[in-house]
Amino acid sequence: MISKYKIILLLLLLPYLAAAQQPVVPRDTSFTVHSTYVKVKPKYPFVEKVKPVLPAGG
């Protein structure tokens, strides 16, 4: 017969076992000038996007 403590332990571990079955979605860590500008603009209102300078004929 299963003891009372084993049943309690099993019930406590079930949520952790269920969570371990969930697939892990990779976090989007892509960097763009626009996304950084949007994040920084509220704290630093004087910030402007950098415009690329291309050489003549390029």
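Exposed means over 50% relative accessible area, buried means under 20%, and partly exposed lies in between. Keep that in mind as we walk through this predicted model.

Q: Why is Phe 46 called exposed?
A: Phe 46 has a relative accessible area of 65%.

Q: What makes Tyr 44 partly exposed?
A: The relative accessible area of Tyr 44 is 36%.

Q: How do you know that the rings of Tyr 44 and Phe 46 pair, and why is the pair called edge-to-face?
A: Their centres are 6.0 Å apart, and rings pair if the centres lie within 6.5 Å. Their planes stand at 75°, and planes over 60 degrees apart count as edge-to-face. A search of the whole structure finds one aromatic pair.

Q: What makes Leu 11 exposed, and where does Leu 11 lie?
A: Leu 11 has a relative accessible area of 55%, which passes the cut-off of over 50%, so Leu 11 is exposed. Leu 11 lies in helix α1, residues 4-20. Together with Ile 7, Leu 10 and Leu 14, Leu 11 makes a nonpolar surface patch of about 380 Å².

Q: Why is Thr 36 called partly exposed, and which helix holds Thr 36?
A: With a relative accessible area of 26%, Thr 36 falls between the 20% and 50% cut-offs, so Thr 36 is partly exposed. Helix α2, residues 33-40, holds Thr 36.

Q: How do you know that Thr 32 and the side chain of Thr 36 make a polar contact?
A: The backbone oxygen of Thr 32 lies 3.1 Å from a polar atom of the Thr 36 side chain. A polar contact needs a pair of N or O atoms within 3.5 Å, and 3.1 Å meets that distance.

Q: How much of the chain is buried?
A: Buried residues make up 0% of the 58 residues. The secondary structure comes to two helices and zero strands.

Key
Residues are numbered from 1 along each chain as its sequence is written. This is a predicted model: local features need pLDDT of at least 70, side-chain atom pairs count only at pLDDT 80 or more; totals for chains, interfaces and linings use all residues. Side-chain values use heavy atoms; hydrogens and water are left out. Rings of Phe, Tyr and Trp (its six-membered ring) pair if their centres lie within 6.5 Å; planes under 30 degrees apart count as stacked, over 60 as edge-to-face and the rest as tilted. Buried means under 20% relative accessible area, exposed over 50%, partly exposed in between (1.4 Å probe, protein chains only). Patches are made of residues with over 30% relative accessible area and no salt bridge: like charges are joined within 9 Å, nonpolar side chains (Val, Leu, Ile, Met, Phe, Trp, Tyr) within 5 Å. Accessible areas come from the Shrake-Rupley method with a 1.4 Å probe; for residues, only the protein chains shown count as cover. A salt bridge is a side-chain nitrogen of Lys or Arg within 4 Å of a carboxyl oxygen of Asp or Glu. Helices (H or I, at least four residues) and strands (E, at least two) are DSSP runs, numbered from the N terminus. A polar contact is a pair of N or O atoms within 3.5 Å; within protein, one must be able to donate a hydrogen and the other to accept it, and residues adjacent in sequence count only if both atoms are side-chain atoms.
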